[in-house]
Amino acid sequence: MDKIKIALAKGRLAREAIAIMKEAGIEFPDYEEKSRKLIFQDKTGRLRMIFVKPWDVPVYVEKGAADIGVVGKDVLMENNVNVYEVADLGIGICKLCVAGYENQEFNKKKKLKIGTKFSNSAKEYYNKKGIPTEVIKLNGSVELAPIMGLSDVIVDIVESGKTLKENGLVILEEIFDISARLIVNKVSLKTKSGEIDSIIEKIENVLKERRSE
Ligand code: PRP
């Protein structure tokens, strides 16, 4: 029978997701964080863990190349993905915020220029407020945009707040809370329901225990 494939994005989120899976009895003995390998097998031989870029996790899961994925709510909100969101893992907690200079004055006659990786979320937020914007899509180091005069504000993830602080910026508005979600391919949930349901249940038990601690 086809193996169950779990897509993760390398980094802290993967580390914490792997810890949750370990507590749930799902272990990948040959996994090493420093390894450049992209595929690991669990001890039962039934599961495969694959590493992709954060924005590609929902792509793999939606297309069925992976059955299960762990991905931030920010990525799910930004892209309209057709997957089941089955659990909030309570890890990777941060916020999507508008940030800029403190006491910044805006020229209301001009479109607000926003530098961001999250162009859809930024547009939606300001459209609801009825504020005209020009969204400048960036790929990272977004904090530079207002500093270099590329934008008036940024819409970005704030976790510890260290990046904003070290670049002289502050949170101006909070847009939404973010945490990592467990997502499942819609067809897999039907065709491999026994195994996938059991994985979800084991993970949910760990989350319940964690919440009660
Ligand atoms: C993210 C985000 C901020 C930073 C926030 O960047 O875009 O820059 O983390 O974290 P903090 O509040 O704890 O400082 P990431 O590390 O993903 O790199 P990037 O700039 O390439 O997007």
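**Notes on the fold and its cavity**

1. Of this protein's 213 residues, 42% count as buried, meaning under 20% relative accessible area, with exposed over 50% and partly exposed in between (1.4 Å probe, protein chains only). Please keep in mind that this is a predicted model, where local features need pLDDT of at least 70, side-chain atom pairs count only at pLDDT 80 or more, and totals for chains, interfaces and linings use all residues. Residues are numbered from 1 along each chain as its sequence is written, and side-chain values use heavy atoms, leaving out hydrogens and water.

2. Now the overall layout. The protein has eight helices and eleven strands; these are DSSP runs numbered from the N terminus (helices H or I, at least four residues; strands E, at least two). The C-alpha trace spans about 60 × 35 × 30 Å along its principal axes. Among contacts (heavy atoms within 4.5 Å) between residues at least 6 apart in sequence, 67% join residues at least 24 apart.

3. Next, the sheet. Six strands make an open sheet in the order E2-E3-E1-E4-E11-E5, with mixed pairing; two strands pair if DSSP finds at least two bridges between them. At the edges are E2 (39-41) and E5 (84-88), each pairing on one side only. From one strand to the next, the twist averages 25 degrees, with axes fitted to C-alpha atoms (for helices over the stretch in contact) and angles running from 0 to 180 degrees between N-to-C directions.

4. H8 (residues 193-212) lies across E1, E3, E4, E5 and E11, and runs at about 25 degrees to E5.

5. Finally, the cavity. The structure holds one cavity of 30 Å³ or more, a cavity being a set of points on a 1 Å grid over the protein atoms alone where a 1.4 Å probe fits but cannot get out.

6. The largest share, three residues, comes from H1.

Note on methods:
1 Å grid on protein atoms, 1.4 Å probe; cavity = no way out; pocket = protein on both sides within 12 Å on 5 of 7 lines; lining within 4 Å. Points joined across faces, edges and corners; volume = space filled by probe spheres on them.
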